[in-house]
Amino acid sequence: MATTRTQVGIIGAGPAGLLLAQILDKAGISSVVLERRDRAYVEGRIRAGVLEQGTVDLLDQAGVGARCAREGMVHKGIYISIENDRRQIDLEELTGGKHVVVYGQTEVTKDLIAARIAAGGDLRFDCDAVTIHDIESQHPRLTYVAGDESHEVICDFIAGCDGFHGVSRQAIPASLQRVYERVYPFGWLGILAEAPPVADELIYARHSRGFALYSMRSTKIVRHYIQCLPDTDLEDWPDERVWDELRLRLPREDQHLLKTGRVFEKSVTPMRSFVSEPMRFGRLFLAGDAGHIVPPTGAKGLNLAASDVHYLSRAFIAFYQDNASAQLDAYSDKALARIWKAQRFSWWMTSMLHNFGPGDDFDSRVRGAELAYTLSSRAAMTALAENYVGLPF
Ligand code: FAS
Ligand code: PHB
């Protein structure tokens with residue numbers, strides 16, 4: 001068995017694992033990243049599209065923000081439409097100058113992988129059967145198989161950055177775990193297409209036919225979503241039907257703004273709110289989707305992974321540079337405090353904007369009234385704007 005010794009063993013080469021490795025490396029702390037998939041798969045995954053300023057700043061501090069600064073699109077507001085009425089939420093005016101940056105998670109991942117490789121980082125793809133050992137000892141271990149060879153990584157700490165379906169959360173004893181979950185009765189059917197955006201900023205549309213989101217990746221590539229059944233079969237959704245539905249969920253006077261084009265990605269994302277507490281057991285720390293999932297309506301998933309990494313990386317740096325464990329001991333509570341605020345906002349945006357189906361009449365009218373009130377009140381719009389641009393780390 002080939003053995004490696006490192007300070008932090010990281011499971012998962014998504015945004016959380018890669019960003020953590022990059023920040024630790026810049027602080028002189030060694031890590032090994034073990035990724036189950038191959039590089040092409042990881043770099044081809046289509047996920048989030050909106051970065052909070054805090055996330056952009058963290059990418060800059062990690063030395064990987066240059067392309068985002070060049071190619072990312074600064075958005076000072078969003079639109080919300082209800083049936084045939086579209087209103088702008090001026091994020092920048094309401095938050096005293098804050099905004100978001102539209103830059104695909106796919107690009108963030110590519111930038112992070114390129115930086116890790118350029119720095120000679122120990123980033124390993126195609127790692128099968130990653131297994132966690134001895135997390136209550138001073139030297140936890142990771143083992144895995146690559147090809148027909150077995151490997152072992154002996155470390156001081158393990159960061160579980162392996163997403164919702166990873167192995168790290170399972171390593172926390174069920175008797176110590178508290179799980180909070182809400183599964184929604186719908187999903188999002190998303191497309192990537194070669195077409196110009198509908199508007200200069202994102203449009204979140206509440207409509208009797210179902211929610212729709214009109215986003216983008218550039219001035220020539222759009223990322224649109226429509227609310228669908230969670231078990232939707234993509235075979236039932238040829239491109240033309242998707243475009244028709246996207247058009248019908250826009251206000252009538254905007255429907256001509258939707259331009260069609262070649263669809264080159266189509267997928268369905270289920271919707272859930274999920275938190276697993278605590279986010280630490282022994283020398284194992286969870287970060288990102290490994291610990292929590294939000295419905296993407298609030299554009300918080302990727303940004304929560306970033307804030308977890310902000311807290312965890314500072315805790316590791318304090319341990320190695322100052323021999324201080326207080327931030328490690330406080331990590332789970334500190335991360336969860338911000339996670340739950342983002343969970344609330346994501347649940348609130350999802351509840352206000354989606355149809356929850358038949359038999360939901362009273363609640364549906366209350367949620368419609370909540371959205372109508374929000375759009376009529378500067379105080380309520382300010383609260384939405386503060387959460388959308390991202391609460392402080
Ligand atoms: P990730 O899931 O990105 O990365 C985990 C990594 O660990 C993966 O590369 C995986 O291959 C690897 N891994 C898993 N198990 C492993 C094992 N046993 N051994 C080794 N490696 C393992 N968020 C938004 O804000 N907006 C969106 O529109 C949006 N859309 C999404 C669509 C989908 C289909 C999904 C699943 C999520 C979406 N999200 C969205 C949320 C998403 O962006 C996550 O928040 C973000 O990827 C979190 O990053 P990580 O925590 O690094 O987890
Ligand atoms: C995206 O562009 O993929 C996107 C943007 C905002 C969201 C969710 C997804 O709230």
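How much accessible surface does the protein have, and what share of it belongs to carbon and sulfur atoms? About 16500 Å², with 50% belonging to those atoms; the area comes from the Shrake-Rupley method with a 1.4 Å probe.

Before you click around, note that this is a predicted model, where local features need pLDDT of at least 70, side-chain atom pairs count only at pLDDT 80 or more, and totals for chains, interfaces and linings use all residues. Residues are numbered from 1 along each chain as its sequence is written, chains are lettered from A and ligands numbered from 1 in the order in which they are written, and side-chain values use heavy atoms, with hydrogens and water left out.

**Stop 1: the whole protein**

You'll find eleven helices and 21 strands (DSSP runs numbered from the N terminus: H or I of at least four residues for helices, E of at least two for strands). The radius of gyration is 21 Å, close to the 21 Å that the globule rule gives for 393 residues, so the protein is as compact as a globular protein of that length. That radius is taken over C-alpha atoms, and the rule is 2.2 Å times the number of residues to the power 0.38. Of the 393 residues, 55% count as buried, that is, under 20% relative accessible area; exposed is over 50% and partly exposed is in between (1.4 Å probe, protein chains only).

**Stop 2: helix α3**

Select residues 53-61, helix α3, and show the side chains of T55, V56, L58 and L59, its buried residues. Now look down the axis: these buried residues fall within an arc of 160°, so they line one face of the helix.

**Stop 3: two loops with a positive phi**

Jump to D126, in the loop between β9 (122-124) and β10 (128-133). D126 is not a glycine, yet its phi is positive, about 55°. Is D126 buried or partly exposed? Partly exposed, with a relative accessible area of 43%.

Next, pick A299, in the loop between β21 (292-293) and α8. A299 is not a glycine either, and has a positive phi of about 55°. A299 is buried, at 16% relative accessible area.

**Stop 4: a cis peptide bond**

Finish at E277 and P278, which are joined by a cis peptide bond with omega about -10°. P278 sits in the loop between β18 (262-277) and β19 (280-281).

Note on methods: Arc of directions from axis to C-beta.
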